[in-house]
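Please look over the sequence and the structure before reading on.

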Amino acid sequence: MRIVLCFPVLDKHIKQIQEAAPDAEIVNAGQERIDELLPTADIFIGHAKVPVDWDRVLRANRLQWIQSSAAGLDHCLVPGVIASNIPVSSASGLFAPQVAEQTFALLFGLLRQLPLFLRAAAKRDFTRLPTDDLRGKTVGIVGLGGNGRMISRMLAPWNVRILATDYYPVEKPSEIEELWPHDRLDDLLAASDIVILTLPLNSDTEGLIDAARLAEMPRGSYMINVARGAVIVESALVEALASGQIAGAGLDVTEVEPLSESSLLWDDPKVIITPHVGAQSERRVDDTVNLACVNLRRYLAGKEPYNLVDKRLGFPHPSVVYR
Ligand SMILES: NC(=O)c1ccc[n+]([C@@H]2O[C@H](COP(=O)([O-])OP(=O)(O)OC[C@H]3O[C@@H](n4cnc5c(N)ncnc54)[C@H](O)[C@@H]3O)[C@@H](O)[C@H]2O)c1
Ligand SMILES: O=C(O)[C@H](O)CO
């Protein structure tokens, strides 16, 4: 059995994976060789950030299981993989602590006007400018999976009203006032001063936040996206910022990455952009390898891995999520 890896593992991680699957041959392809080596894999653990010829992988007819090292599965859920019988498991929720920290960095940065103060500081300008508060606001979280739940827990002490939507609106945490099904997005948008996107990108959610939906939000509200850029129609967001409909946007992800040099978002002082670093943490690779090893042992014992996704939806049912 050949396990092909494509995420930034160290020797200690390879040793740990080998202990979980003693008879396997482990090949660390890295981004440089993943396209070449993926067709030779029985098991793929990783996240290919370079283009992969999935048709060639499927024609090789060897791949038995994909363990994604990312929570988002848009990198591997191509139509051929969705139609195949290859099971795919995700890293759902694994990076929730750091994604929540990133969300708070973007949120407080916008509310406390850091883009304006940083621009002023660069000119040694000490002028006081108005700022905004978190307390008392209504925050709407779109997607109450691992990330959304961690963010709502961290919001709880801030004296905010929290609303959320989810595809499986079960187990409402006590700090959330209303947990609605995903098709009540319009109600959430209309009621929220701050919207935080933490849902997956799939064919239903691509372009979900368009001009009409941005117009449903109260004038002067804030948008934070730590999910996938293509959930928002970026040109509509640019217009909503220009008109003042949206007071600020915190974007860890953009429609196309890297964000084009010519994007108007770069120069807008109402926008904070970070280069898709929400999942970054010193602990990310350790945590990913731990999950991969738990799942490898389950797989080798003939059990379903945790976080097995419904490939048409692109995320797992809450009952199979690894906690
Ligand atoms: N910025 C980053 O670096 C970063 C890091 C991790 C994850 N992500 C992105 O965030 C997403 C969420 O990550 P997670 O770990 O919380 O995943 P998760 O699988 O734990 O949660 C996703 C949740 O979204 C819900 N959902 C699906 N469709 C929905 C819809 N239309 N409306 C509302 N809710 C919907 C699901 O029911 C699920 O509860 C990932 O799919 C990924 O794209 C980004
Ligand atoms: O989906 C994820 O886990 C992050 O975006 C990193 O790829």
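In this predicted model, the charged end of R298 sits over the ring of Y306, at 4.2 Å from the ring centre. Another arginine takes part in a contact of this kind: R284 has its charged end over the ring of F95, 4.2 Å from the centre.

**Aromatic pairs**

A pair of aromatic rings is described by how far apart the centres are and by the angle of the planes. The count of aromatic pairs in the model comes to 7. Two of these pairs are set out below.

| Pair | Centre to centre | Angle between planes | Geometry |
|---|---|---|---|
| Y167 and F315 | 5.4 Å | 75° | edge-to-face |
| Y306 and Y322 | 5.1 Å | 45° | tilted |

Y167 belongs to the loop between β7 (161-166) and β8 (178-181), while F315 is in strand β14 (residues 315-316), so their pair ties together parts that are 148 residues apart in sequence. Y167 has a relative accessible area of 35% and is therefore partly exposed. F315, at 15% relative accessibility, counts as buried, because the cut-off for buried is under 20% relative accessible area.

The ring of Y306, which lies under the charged end of R298, is also paired with Y322 in a tilted arrangement. This pair links distant parts of the chain, with Y306 in the loop between α11 (284-300) and β13 (309-310) and Y322 in the segment after β14, 16 residues apart. Y306 is partly exposed, with a relative accessible area of 28%. Y322 is partly exposed as well, and its relative accessible area is 30%.

Elsewhere, one aromatic cluster is formed by F104, F108 and W158.

**The site of ligand 2**

Which residues are around ligand 2? They are H47, A70, A71, G72, F95, R228, H276, A279 and R284. F95 and R284, both in this list, are the ring and the charge of the contact given above. By residue type, the shell around ligand 2 divides into 4 nonpolar, 3 polar and 2 charged residues.

A polar backbone atom of A71 is 2.7 Å from an oxygen atom of the ligand. For G72, a backbone N or O atom lies 2.8 Å from an oxygen atom of ligand 2.

Conventions:
Residues numbered from 1 in each chain as written. Chains lettered and ligands numbered in written order. Predicted model: local features only at pLDDT ≥ 70, side-chain atom pairs only at ≥ 80, totals over all residues. Heavy atoms only, no water. Phe/Tyr/Trp six-rings, centres within 6.5 Å; stacked < 30°, edge-to-face > 60°. Helix = DSSP H or I, 4+ residues; strand = E, 2+ residues; numbered from the N terminus. Buried < 20%, exposed > 50% of the residue type's maximum accessible area, 1.4 Å probe, protein only. Lys NZ or Arg CZ within 6 Å of the ring centre and 35° of its normal. Near = heavy atom within 4 Å. Polar contact = N/O pair within 3.5 Å; in protein donor to acceptor, adjacent residues only side chain to side chain. Nonpolar A, V, L, I, M, F, W, Y, C, P; charged D, E, K, R; others polar.
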